[in-house]
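The sequence and the structure come next, followed by the terms and the findings.

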Amino acid sequence: MVPEISGKDLDYNKTYLALFVDLDVIMPSTGTGTVVLHWYQSNLSKKSTKHHHPSHLVPDKDYEDFPDIEAPYIAPQAPPNTQHRYVYFLFEQPPAYRFPHCFAHMFPPTPEARAGFDIPKFIQAAKLDPPLAMNYFVGWHEPTSGDPTSAMPSATTTSFRSVNCPTSSSSFMA
């Protein structure tokens, strides 16, 4: 189920963009720590309908003709005996926002497509201002019978996917 995003003092006249990431993925094949994108949704707006609470953000139907406005939601699921930090970011979407196509690899809902998501580089390439809001939770997978009982793996390095994006020095994370 896709999360519902709401917030106090959001503007009905503005559009928003959400990211949801897992900061603690360790790739089994390499032992490399990486960030995985669980969800990207642009063109969110505050709508007041009988189906949605007035403070919820929903995809703006005016943008339905754009096929690249969403990387479908993947629910979090930490491996057995691990804990992961999951973070939501909410940005105000600039009026002339264009998806940075150097990140087009992230649309398939697969670990291979979503692993190595470089948050600062995405923010810079998308020309986003600092997040308006962030929230996080720590997910722990309590082992059950049949789950491996080995110790939590540790990462050797952090891996980001190499993307060739035009950059600008205006990013807050440059």
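## Terms and model

A residue is called buried when its relative accessible area is under 20%, exposed when it is over 50%, and partly exposed in between, with a 1.4 Å probe and protein chains only. The model is a predicted one, in which local features need pLDDT of at least 70 and side-chain atom pairs count only at pLDDT 80 or more, while totals for chains, interfaces and linings use all residues. Residues are numbered from 1 along each chain as its sequence is written, and side-chain values use heavy atoms, with hydrogens and water left out.

## Overall layout

The chain contains two helices and eight strands; these are DSSP runs numbered from the N terminus, with helices (H or I) of at least four residues and strands (E) of at least two. In sequence order the pattern is β-β-β-β-β-β-α-α-β-β.

Of the 174 residues in the chain, 42% are buried. A contact means heavy atoms within 4.5 Å. Among the contacts with a separation of 6 or more, 76% are between residues 24 or more positions apart.

## Confidence

The predictor's confidence in each residue is given as pLDDT, from 0 to 100. The chain has a mean pLDDT of 80, and 75% of its residues reach 70 or more. Confidence is highest in strand 6, at a mean of 95, and lowest in strand 8 (residues 158-159), at 56.

Over residues 169-174, pLDDT stays under 50, and the model has 10 contacts beyond four places in sequence for this stretch. Where pLDDT is low, the predicted coordinates should not be read in detail.

## Nonpolar cores

A nonpolar core is a set of buried Ala, Val, Leu, Ile, Met, Phe, Trp, Tyr and Cys residues joined through side-chain atoms within 4.5 Å. The largest one has 25 residues, and those with the most contacts inside it are Leu19, Tyr40, Phe103, Phe117 and Phe122. Two or more residues come from each of strand 2 (15-26), strand 3 (33-46), strand 6 (83-92) and helix 2 (119-125). Helix 2 gives the largest share, four residues. Another core, apart from this one, has 12 residues, including Tyr16, Leu44, Tyr88 and Leu90.

Phenylalanine 99 is found in the loop between strand 6 and helix 1 (111-114). Its relative accessible area is 8%, so phenylalanine 99 is buried. The C-alpha atoms of phenylalanine 99 and phenylalanine 122 are 9.6 Å apart in space, and the two residues are 23 residues apart in sequence.

## Charged side chains

There are two salt bridges in the structure, a salt bridge being a side-chain nitrogen of Lys or Arg within 4 Å of a carboxyl oxygen of Asp or Glu. One joins the side chains of lysine 14 and glutamate 92, at 3.5 Å from N to O. Because lysine 14 lies in the loop between strand 1 (5-6) and strand 2, and glutamate 92 in strand 6, this pair ties together parts 78 residues apart in sequence. Lysine 14 is partly exposed, at 32% relative accessible area, and glutamate 92 is partly exposed, also at 32%.

Aspartate 24 and arginine 85 also meet through their side chains in a salt bridge, at 2.6 Å from N to O. Aspartate 24 belongs to strand 2 and arginine 85 to strand 6, so the parts tied together are 61 residues apart in sequence. Arginine 85 is partly exposed, with a relative accessible area of 41%.

A charge sits over a ring if NZ of Lys or CZ of Arg is within 6 Å of the ring centre and within 35 degrees of the ring normal. Lysine 46 has its charged end over the ring of tyrosine 12, 4.7 Å from the ring centre.

## Aromatic rings

Rings of Phe, Tyr and Trp (its six-membered ring) pair if their centres lie within 6.5 Å; planes under 30 degrees apart count as stacked, over 60 as edge-to-face, and the rest as tilted. The structure holds 15 aromatic pairs. Phenylalanine 20 and tyrosine 86 have ring centres 6.0 Å apart and planes at 35 degrees, so this pair is tilted. With phenylalanine 20 in strand 2 and tyrosine 86 in strand 6, the pair ties together parts 66 residues apart in sequence. Phenylalanine 20 is buried, at 0% relative accessibility, and tyrosine 86 is buried, at 2% relative accessible area.

Tyrosine 86 also pairs with phenylalanine 137: the ring centres are 5.1 Å apart and the planes are at 25 degrees, so this pair is stacked. Phenylalanine 137 lies in strand 7 (residues 133-140), 51 residues from tyrosine 86 in strand 6. At 32% relative accessibility, phenylalanine 137 is partly exposed. One aromatic cluster is formed by Phe20, Trp39, Tyr73, Tyr86, Tyr88 and Phe137.
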